[in-house]
Amino acid sequence: MMPRWFHSLLAGLVGLVLAAPILVVAGVSLNAKRSLDFPPKGLSLAWYAEIFTDPGWRGALITSLVVAVLSAALAVAIAFPLAWFIWRWRAPWARAFEVLGMTPFILPPVITALGFLSFWATFDQYGEPWTVVVSHAVFFVTLPLVTLSLGFGAVDRSYVEAASTMGADDRTVLRTVVMPLVRPYVISGFAFAFVLSLNEYIVAYMVAGFTLETLPIKIFNALRYGYTPTMASVTVLFVLLTAAVFGLIARFGDLPRLLGAWVRQD
Amino acid sequence: MSALVLDGLTKRYGSFTAVHGASLRIPHGQFVCLLGPSGCGKTTLMRMIAGLEEPSGGRLLIDDGDITTTPAHKRDFGMVFQSLALFPHLTAGENIAYPLRIRGVPAAERRRKAESLLELVRLPGMGDRPVSRLSGGQRQRVAIARALALEPKLFLLDEPLSALDAKLREAMQIELKQLQRRLGITTIVVTHDQREALTMADLVVVMSEGQIRQAAPPMEVYRRPADAFVADFIGMTNLLEGDVTAPGRLSVPGGELALEGLPRQGRALLSVRPEEVLLHPATTPGGANRLSGTLSFVRDLGASVEFRIEVAGREIVALTRPQDRPAVEPGGAVTVEIPAGACVVLPAEGQAAGERPS
Amino acid sequence: MIRRAPRSLAEHAPILFPALMLIVFFVIPFGLMIAVSVARRIPGGFYEPDFVFANYERFLTAFFGGVLSFSLELAALVAAVAVGIGFPFTYRLARLPRAAQVRWLVFLLSILSLSEVIIGFAWSTLLSRTAGITNLLVAVGLMAEPQSLSPSFGALLAGMVYQAFPYTVLVLYPALARLDPALVEASRTLGASPVKAFFTVVVPSQRNTIVATLIMAFVFALGSYLLPQLLGRPQHWTLSVLITDQAIYQSNMPFAAAMAVFLVLVSLALVGLALLAGRKEEA
């Protein structure tokens, strides 16, 4: 409990520094001419239009979205049965798979990326677009795994017991009681994985960097030939998209709880 | 033919035995209370009956069919949980209709059935309320209606009223008993509240440390407790221990008592209910079964007056109606009379009560 | 439903798919990487199976030693700065009204998920001559003309702290959100000033959390693979950059894998320590 003014100052400064690069980039993205000036010289939304009109940018955007949707869905498909199994059965050995699922997220990403590169290269699949989807799904399985573990943990076991005394078997319990209660956690797990896949660079680059251009790869490749305002507009688009997704999670789920605070509101 | 038979049901968790060889016959239509302090194994026993715990040993039979290994969802029992376990994502009506829904009963029929069940528990027209907008007592009723929706063979309630305040709890006890009598359904309630058990049960099953101590009608449990634990747990009692000096005579601290049913020799333990103990001023002439002591404390509870008397270093409690209050004052000498008919001779300490036929 | 050990195959069935996916696509790649680290490089191709330690021997050169020590020092510095700012910040954050907390968390998560590419681009723009903050300083008259602040060590440090800060806050958040406010209130009633209460009650009670977070932030910073290229000079390249460079541009998979294995060992050892520190806190 430091003095209040100190905290307000700290929070203000932190907020300012965190926002500064984004604000400058947002300013740059509005330049009328093909220059990176801040404050912008002239105002134009042309660089936002270019994301959708330029085939290169549009292609990269679509690729990124497709990869993110598919890999987030696959990540949830891996995480859901695992988290359910650990919750449903008394099987301490299954925790080993949970730890496995957490590991890629904790290790430096380069390592996982290199592991995938070795793997796909060895099995001659290097550069195949679908390998990015699988790689991202395994890389980001941590997120739905964490949200779902929390979600299942929040289901009062007496609901399940009540349902079974009323004649529901395992499958019916899952469909009629557990699923409706963990749905917000499924959605937030998907959303976390989606956003991170959208922004992911190194795994996608190592696995299929020369054949598949996602938006981060496209930005990085473009960086080497000089900066353009389109990069700025793409960045702003990404920030907005990301914030929108997290805003939705916060709107429909319990964000502080998802992030580990005990918040009981009833 | 017995409706439900527990045959040596046992539950062990590692080296800890939660329920030890519970055997019991429950005839059709009985209202049974499993009564005991927390940790006595009553909830574990009920969960084994419901199919929510696997017994480590023993058998469970219903109408002579063995259901020991039948999964909970195939037993057709109705259960009310301590937490009530009302599904938060469903309305009151949907909760009640849940067992019908998963059996594929058409929606219109479900709604009709839910409405009639709501009427049964005196909540007509509340079907569309979300569970979160019901009061404690209303939730209670919804949980009961839901458990009854399938007309179960057995109606189980695990501490169903513990979340309610005292007044509402008493009212619900009476209502639950009336409901059970009307439906004639075999019912088992777990409770730690002896008043609740005495109010509702046809058969009280007293448990302690994983064992059934006594299973008998309420007044028998009260008047003829099987052992010291039961005597002490059900209501208040005075436990007096002494040596048998002659046939029918027991020497207790502070005097001698004459009574029947004593062992021929050795030590014996008596239970005497406070309301049976008589209290007289010390000037009263002495006589049979009278002990002298000092009145240490009096409290007037309105409906009754409680006296605490020190007799030879031990405390004896006596209870009288206010209008029968004897002329005694705290600190003064008094005479305590223990009528022979009020004494229940208990098995001496250490004798395993669980092995007695019950 | 009885919660017991699964017995039949049908009861085990649900875990088969996730277990298979994680084994095939994580355990095997990982094992392969270790195998590749002792393989022989084929110029122009990937590698040839072998059992040589030549790739590890290259660690012993002065150049590699320099990169390693620079990587570790940089990560340590980033972790220290991020936790130093992040701890008081998170402490305050966890005490804000719920709605304000949620807004901050959304903001922090958004920054955290940003691609390193985007963070690198945003910071190099912020520090550039044409659009950077020096323009602001020129405008208020503190500087004669705008100049570029990147690439430089300062730019790299700023970018990496920016990247690690949201992560640090989110690692600290659970512990500080659960911190019993009565602790501080008690010390206040015993006469401690707010500052004193913070340093004599909050910080010591969270010592293990702080240690664990420092380590987690350190490992996180070790993983930074693009910022050193975008905001630093060649002498600021870290182990992660070197691994990427060797794997992609030099096509020397075995050497990249050997470095990666080394990085794994360092990271796992540190994460283990962090978990240990975190566990002590709970006991």
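In the predicted model discussed here, C33(B) stands opposite V189(B) in β8(B). Strands here are DSSP runs of E with at least two residues, helices are runs of H or I with at least four residues, and both are numbered from the N terminus. Residues are numbered from 1 along each chain as its sequence is written, while chains are lettered from A and ligands numbered from 1 in the order in which they are written. Because this is a predicted model, local features need pLDDT of at least 70 and side-chain atom pairs count only at pLDDT 80 or more, whereas totals for chains, interfaces and linings use all residues.

Back to that strand pair: β3 (residues 31-35) of chain B runs parallel to β8(B), and five bridges join the two; strands count as paired if DSSP finds at least two bridges between them. Strand β8 (residues 186-191) of chain B has six of its six residues buried, so it is largely enclosed by the rest of the structure. Buried means that 20 or more other C-beta atoms lie within 10 Å of the residue's own; 12 or fewer makes it exposed, anything in between partly exposed, with C-beta atoms placed from the backbone. In a regular strand the side chains alternate between the two faces of the sheet. In β8(B), T186(B), I188(B) and V190(B) are buried on one side, and T187(B), V189(B) and T191(B) are buried on the other.

Chain B also holds an open sheet of four strands, with antiparallel pairing in the order β2-β1-β4-β5. Its edges are β2 (16-26) and β5 (65-66), each pairing on one side only. Strand β1 (residues 4-13) meets β2(B) over seven bridges in the antiparallel sense, and L6(B) has L24(B) in β2(B) as its bridge partner.

As for domains, chain B is assigned domain 1 (4-232) and domain 2 (237-346), with bounds that come from an automatic or database domain assignment. Their C-alpha centres lie 40 Å apart. Six residues from each of the two domains make up the contact, where contact means C-beta atoms, placed from the backbone, within 7 Å. On the domain 1 side, the touching residues split into three nonpolar, no polar and three charged. Nonpolar covers Ala, Val, Leu, Ile, Met, Phe, Trp, Tyr, Cys and Pro, charged covers Asp, Glu, Lys and Arg, and the others, Gly among them, are polar. An unreviewed UniProt entry places the feature "domain: ABC transporter" at residues 4-234 of chain B. Over that stretch the chain is 36% helix and 26% strand, and the end C-alpha atoms are 25 Å apart.

Turning to the other chains, 79 residues of chain C are in contact with 78 residues of chain A. Helix α1 (residues 9-37) of chain C gives the most to the chain C side, with 17 residues; that side divides into 60 nonpolar, twelve polar and seven charged residues. In chain A, the buried residues of helix α11 (residues 215-223) include L215(A), I217(A) and F220(A). The buried residues of α11(A) pack against α3, α9, α10 and α12 of chain A, together with α5 (116-126) of chain C.

On confidence, the complex gets an ipTM of 0.86 and a pTM of 0.85 from the predictor. Chain C averages a pLDDT (per-residue confidence, from 0 to 100) of 85.

Notes:
UniProt positions renumbered as here; feature names shortened; annotations may be inferred. pLDDT = per-residue confidence, 0-100.
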